[in-house]
Amino acid sequence: MIARRSPTAYWTGFAVVLALLAIAPLVLPEFWRRFVTEILIWGLLAMSSDILIGYTGMVSFGHSVFFGLGIYGAAAALLSVKPPNLWLALLYGLTAAGTAAVFVAYFSTRLRDIYFAITTLVFSQIFYVIIFTWTAVTGGENGLTFAQPLLSLPGLGAARFTPETLHWFVLGVVTVSYLLLRRITQSPFGMVLQSIRENEPRTRAIGYAVERYKIVAVMLSGLFAGLAGVLYAVQNKFAAPDFVFFAVSGEVVIFNVMGGMGTLVGPVAGAAFFLLLREGVSRYFTEYYLIPVGIIFTAMVIFMPQGLLGFAKRRLNE
Amino acid sequence: MLTLTEVHTYYGKSHILLGVSLEVQPGEVVGLLGRNGVGKSTTLKTIMGLVRPSGGHVRFEGREIAGTAPHRLAHAGLAWVPEDRRIFRLLTVMENLRTGLDRPGMTEARRRELLDKVYAHFPVLAERRSQAGGTLSGGEQQMLAIARAMMLEPKIILLDEPTEGLMPRMVGQIREIITLLHQDRVAILLVEQNVPLTLDVSDRVYIMEKGLVRHHATAAELRADHAVIHQYLGV
Amino acid sequence: MSIPLDQILIQTVNGLVNGMILALVASGLTLIFGIMDVVNFAHGDLVMLGGFTGAVTIAATGNFWLALLVAVLVIAVFGAALQATTLRPLLGRDPLTTILATFGISLVLQKYALWQWGPSARRIQEPLTGQFQLFYLQYPWYRVLTAVLSAAIIGGFWLFLRHGKYGIWIRATMQDRIMASAMGIPVPWVHTGVFAIGAGMAAASGVLFGPLGGVTQNMGLDFTLRAFIVVVVGGMGNLGGSIFAAILISLLEAYASLVVSPAQAVIVSFVVLILTLLFRPTGLFVPTPK
């Protein structure tokens, strides 16, 4: 896929995009600066689910669980430890999301297609119900608010987050995650995942322990989704059951389809496209923006299954 | 009546038919011989519209039928008896037959007539009419598959290895029914591994190899030409 | 902890009533899956649309039975149009695409309902207001009626499947789509027709449920999920199994709600689903695969 282009062209493109994203907060007005940071966070969440939907062929309708637990995990660290510590928030968030991922992975990876999709959805409902009703710990419907931690870097001391440093911090985390995920998907492990997507029985017949690969895929995916949750918590300073709800998972699936499944960059583009579309359309349709977005989404599933990125790529190659 | 010209068919990325041309005249029994995997079944599926050819022409009674939906072809006079019979296992024998009977323009009298005819040929189907198709023996299922195709009153039957896995007595019955359909002026395109039977019941024979028709002769010529049979079929 | 027997019996009646409505929803879902391998993610939203169509018709005419009929017909036609435009082009593609497409449809339908009818619940006036004494409760006859009506609709559909030309077409297509088309059965139209029937059954459940729980724009997800659980537990494509599973799960939920809050009782059915998938992935009631 990406390997078809020459490495030089790829890294040049990568550097240009990275540079543009790095200077974005310096030139953009406040609203759009925040918007770009948010796109990066949702983009990371979208990439994390691409491991499953695009590379392994498993549609997860439960990514809100990992994302939400990342947020709640970070919240737990930020509320319980004084002073709030960024790295502790990260540790707690990843632990919470990772634990949920182990749980979901154990039960759902024996299943395929719609069974997997619905089981992940069922898990997200279970976690939603727990978080919604366990008011004493989670704050129930009202959620939790907490203070933003300081940006503390080893050897550099600590400072309050400014919109710019927050953006760069998020950009750094997302970039490193992207490079890691890219490595993983191009590794032999990633090849096995793609072979599971293409033909699961054959992959099994060759001798790969398909279930184990799927479990690791779900866990990796869950960890990166949790990471996105932590970033979101740091940016927005509150946790709410809505983030665990199915609607978030649905949006993540939309990001993937719109951008192009199985490309990593595509889902990020999809997230950007979706959020921009919502921004643009909701001026006219207010909260009903999902009507046109849903129609576009369904049409894309039927007519443009390779997504925006795949479509653009095909156009460029012609 | 049925003409294939330079038909190409793919399954996914593998090229199965590499330009098959053949022809069946009204009322003619035409054999299609060849080793396993040379594309005989695919040829029948392509004619029936179950696989879409990527190139070439399939004409039936002068009309291009490549790309036409199978159910329209069934109503136009083509019937397919697949290799694995594909009986509706949970439907009764009678219901299996009705899948071909319940079509537009059927009269009650005509239905009766058709049913009486197959029950006369295959009395066992009359006995088992309320039994589920899946409970029949292999030979009975083959009878049912042919009888079911006859319900469509086809002009041509695409018959795929009807004697495969049958006992010799059953093979005799299949031979009889082919002869009978022949007398009724129903054309048959017969794919078979059983060479003697094919040479016996066919008017003409095509021999396929690796996705192409390699040889074409009348059955009478082939009966005398053991060299060709040996060359392509190894028997 | 001990629970009085009369409470258990009341919950048994509740479970049976809810189970029959759920069975009606699940029948449509299992039928659509059985014939075209499509799990209709928007199925619960068809229940919701049916409920709203019924509510609107009642508001205009005041007649419950007319509303039931109108809702079934309107949603069946709508379902047919939906199938022909969005699912027919996807036949034979990766199952992933049908999940995604019906998810997209579900999104659109739900937001359309929100736009059209607003966020608040609509109650449908029941056609029957009588009650009878069930232990310490005045139990509405209407609840019993919904169970009977649901059973009647399912039974009527079963007869339709067993007898007559279209029943044979549907069953033949379910067993072997390709052979069915080679026998002259117009398979694309059978698919559309079955989707329409499934949609109509969903709409009927929406109207029947209206007086019990009200109709809201976001009720679809819950119905889809529960119907899916029923269909898996009963065995995908198995009509009889779905009915048993619907009753089983509704009874379990009803009993669970004696101990925990109704919101938490839902988890019981989730647990049943997960256990089924782990230990009997072909469902509790499937003897052997076809």
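This is a predicted model: local features need pLDDT of at least 70, side-chain atom pairs count only at pLDDT 80 or more; totals for chains, interfaces and linings use all residues.
Trainee: Which pair of chains has the most contacts?

Mentor: The general idea is to start with which chains touch. Here 2 pairs of chains touch, and the pair of chains A and C has the most contacts. Chains A and B share no contact; their closest C-alpha atoms are 13 Å apart.

Trainee: How is the size of an interface given?

Mentor: The accessible area lost when the parts come together is often used to give the size of an interface. The contact of chains A and C takes in 30 residues of chain A and 32 residues of chain C.

Trainee: Which elements give two or more residues to the side of chain C that touches chain A?

Mentor: They are α4 (95–117), α9 (220–234) and α11 (262–279) of chain C. The largest share, 15 residues, is that of α4(C). By class, this side of chain C has 26 nonpolar, 5 polar and 1 charged residues.

Trainee: How many residues do chain B and chain C give to their contact?

Mentor: Chain B gives 22 residues and chain C gives 17. On the side of chain B that touches chain C, the elements with two or more residues are α2 (70–76) and α3 (93–101) of chain B. That side of chain B divides into 11 nonpolar, 4 polar and 7 charged residues.

Trainee: Turning to chain A, what does the radius of gyration say?

Mentor: The idea is to compare the value with that of a compact globule with the chain's number of residues. For 318 residues a compact globule would have a radius of gyration near 20 Å, and chain A, at 19 Å, agrees with this. The C-alpha atoms of chain A fill a box of roughly 55 × 45 × 45 Å along the principal axes. Of the residues of chain A, 47% count as buried. Among its contacts between residues at least 6 apart in sequence, 76% join residues at least 24 apart.

Trainee: How many helices and strands are there in chain A, and at what angle do α4(A) and α10(A) cross?

Mentor: Chain A has 14 helices and 4 strands. For a helix pair, one reads the distance between axes, the angle and the handedness. The axes of α4 (residues 86–108) and α10 (residues 210–236) of chain A come within 8 Å and cross at roughly 145°. The crossing of α4(A) and α10(A) is right-handed. Their contact has 21 nonpolar and 5 polar residues, and no charged residues.

Trainee: What is the order of the strands in the open sheet of chain B?

Mentor: The 4 strands stand in the order β2-β1-β4-β5, with antiparallel pairing. The edge strands, which pair on one side only, are β2 (14–24) and β5 (63–64) of chain B. Between β4 (residues 55–60) and β5 of chain B there are 2 bridges, and B:Phe60 has B:Arg63 in β5(B) as its bridge partner. Helix α1 (residues 40–47) of chain B packs on the sheet, where it touches β1 (2–11), β2 and β4 of chain B, and its direction makes about 70° with that of β2(B).

Trainee: Is C:Leu46 buried or exposed?

Mentor: The count of other C-beta atoms around a residue decides this, with 20 or more within 10 Å making it buried. C:Leu46 has 33 within 10 Å, so this residue is buried. C:Leu46 lies in helix α2 (residues 43–61) of chain C. Leaving aside residues up to four places away in sequence, C:Leu46 touches C:Ile75, C:Gly79, C:Ala199, C:Ala202 and C:Ala203. C:Ser205 is 159 residues from C:Leu46 in sequence, yet the two C-alpha atoms are 9.5 Å apart.

Technical notes:
Residues are numbered from 1 along each chain as its sequence is written. Chains are lettered from A and ligands numbered from 1 in the order in which they are written. Two residues are in contact if their C-beta atoms, placed from the backbone, lie within 7 Å. Ala, Val, Leu, Ile, Met, Phe, Trp, Tyr, Cys and Pro count as nonpolar, Asp, Glu, Lys and Arg as charged, and the others, Gly among them, as polar. The radius of gyration is taken over C-alpha atoms; the globule rule is 2.2 Å times the number of residues to the power 0.38. A residue is buried if 20 or more other C-beta atoms lie within 10 Å of its own, exposed if 12 or fewer, and partly exposed in between; C-beta atoms are placed from the backbone. Axes are lines fitted to C-alpha atoms, for helices over the stretch in contact, and angles run from 0 to 180 degrees between N-to-C directions. A crossing is left-handed if the near helix is turned anticlockwise from the far one by less than a right angle, and right-handed if clockwise. Two strands pair if DSSP finds at least two bridges between them.
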